[in-house]
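This briefing is meant for a reader meeting the structure for the first time. Please look over the sequence and the model below before going through the points grouped by topic.

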Amino acid sequence: MDLVQTFQRQAGACEDLGSPMYADLLRRLVDDYELGGASTTVLAGFESYPADALIGLRLLGSVHRLVLSGRAPELAAFYPSVGGEWDAVLGWEAFEQVLAARGPELRSLLTQAPQTNEVGRSIALYGGLLRLAESVPLPVRLFEIGASGGLNLRADQYRYNLADGTGYGPADSPVVLEGAWSGRELTPAALRIAERVGSDIAPVNPLSEEGALTLTSYVWPDMTARLKRLRGALEVVRKVPADVRREDALSFLRNVELAEGHVTVVWHSVMWQYLSPEEQAAGDELIAALGAGATPTAPLARLCLEPMRRTPEAEPEFLIALQVWPGGVRRILGRADPHGLPAYWE
């Protein structure tokens, strides 16, 4: 798939997920690229990158970074993330000026893969932990693969409000997820997360100014609710520690051990697809081998939100799955939006 096809596909995805601004920008980038405009210089050499490298979103995130840091003041009036309002005509003109004026800087930023540490996905983790607690009421040791900045490792610190007025999690949390889920009623539980550990091949430190800027730049600027959740999560990070290590998925899994009196939970969301088939198979084997040593007083659970098929013939869905050892029984708990919110529990 070439850049034009990739950008067109990403534009459709942005539109479907609620970002008309990014859908518009990606389509205008296609026109500019085909006409030999400023984007051709910025994108030169990136044509060979695979579709899952998300070059379009890297470029948009790189420009957003300049806006957030005050280095593209001509665009600020059009970016809702800094108080502006998108204008398809004037906004594109300003965007084009930034491409032309800051090409080398943008090209260097394009080498960094997007770090979408989406707080909305904590819905799947928190709800999944509540479902797990129904049968395994033990303190949790939480291990996340592809943790980025580790924001979802603090899922129990966020507030989940339902349409009927009820809610779960701390009422005074700076992160509030409205209309969090529907479907099967979940049993409230006093979750105790005793350990929070994550891994990422390029972890982001959310406690640093640079790390916070990186995470914010990859949130789509017209999705203000997502930005508000992220900014609230950055407050939580300062109060609730977590250990996020620079480590690939397989190396990380090899070092996970079970602990007596705790349920060890391996968690991942919308990252498994970026592993090769060989890495996926190896990861499955490592988790199963760990599960083989599980006992009723030192169990293992694998909880994930990933695009999956219920049957080989079914269309892919973003499903929430839970597998528990001893036994290794796997259940589909529900489904969710790619950004997590909302979820439906089955």
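Helices and strands are DSSP runs, a helix having at least four residues and a strand at least two, and they are numbered from the N terminus. The model is a predicted one.

**Helix α6**
- Helix α6 covers residues 88-101, and its 14 residues reach 20 Å from the first C-alpha to the last, which is close to the 20 Å expected at 1.5 Å a residue.
- Gly91, Trp92, Ala94, Phe95, Val98 and Leu99 are the buried residues of α6, and because they fall within an arc of 165° when seen down the helix axis, they line one face of the helix.
- The elements that cover these buried residues include α2 (20-34), α3 (38-43), α4 (55-68), α5 (73-76) and α7 (103-109), whereas the face of α6 turned away from its buried side carries the exposed residues Ala100 and Ala101.
- At the start of α6, the backbone nitrogen of Val89 has a side-chain oxygen of Asp87 within 3.0 Å of it.

**Nonpolar cores**
- The largest nonpolar core contains 49 residues, and Tyr160 and Trp181 are those with the most contacts inside it; helix α8 (residues 122-135) gives the most to this core, with seven residues.
- Once neighbours within four places in sequence are left aside, the residues in contact with Tyr160 include Ser122, Ile123, Tyr126, Leu177 and Trp181.
- Another core, of 37 residues, lies apart from the largest one, and among its members are Ala23, Leu57, Leu75 and Phe78.

- Strand β1 (residues 140-145) is mostly covered, since six of its six residues are buried.
- In a regular strand the side chains alternate between the two faces of the sheet.
- In β1, Val140, Leu142 and Glu144 point one way while Arg141, Phe143 and Ile145 point the other way, and all are buried.
- β1 pairs in the parallel sense with strand β6 (residues 193-200) over six bridges, and in this pairing Glu144 stands opposite Gly198.
- β1 also pairs in the parallel sense with strand β8 (residues 263-269), over five bridges, with Val140 standing opposite Val263.

- Gly261 is found in the loop between α11 (249-254) and β8, and it counts as partly exposed because its relative accessibility is 29%, which lies between the cut-offs of 20% for buried and 50% for exposed.
- Not counting residues up to four places away in sequence, Gly261 touches Leu138, Pro139 and Thr297; Gly261 and Pro299 are 38 residues apart in sequence, and 8.5 Å separates their C-alpha atoms in space.

**Backbone points in loops**
- Most residues other than glycine have a negative phi, and most peptide bonds are trans.
- Leu54, in the loop between α3 and α4, has a positive phi of about 55° although it is not a glycine, and at 22% relative accessibility Leu54 counts as partly exposed.
- Ser148, in the loop between β1 and β2 (159-161), is not a glycine either and has a positive phi of about 55°, but Ser148 is buried, with a relative accessible area of 5%.
- Trp325 and Pro326 are joined by a cis peptide bond with omega about 10°, and Pro326 lies in the loop between β10 (317-325) and β11 (329-336).
- The peptide bond from Leu341 to Pro342 is also cis, with omega near 0°, and Pro342 lies in the loop between β11 and β12 (343-345).

Technical notes
Residues are numbered from 1 along each chain as its sequence is written. This is a predicted model: local features need pLDDT of at least 70, side-chain atom pairs count only at pLDDT 80 or more; totals for chains, interfaces and linings use all residues. Side-chain values use heavy atoms; hydrogens and water are left out. The expected span of a helix is 1.5 Å times one less than its number of residues. Buried means under 20% relative accessible area, exposed over 50%, partly exposed in between (1.4 Å probe, protein chains only). The arc is that of the directions from the helix axis to the C-beta atoms. Contact means heavy atoms within 4.5 Å. A polar contact is a pair of N or O atoms within 3.5 Å; within protein, one must be able to donate a hydrogen and the other to accept it, and residues adjacent in sequence count only if both atoms are side-chain atoms. A nonpolar core is a set of buried Ala, Val, Leu, Ile, Met, Phe, Trp, Tyr and Cys residues joined through side-chain atoms within 4.5 Å. Two strands pair if DSSP finds at least two bridges between them.
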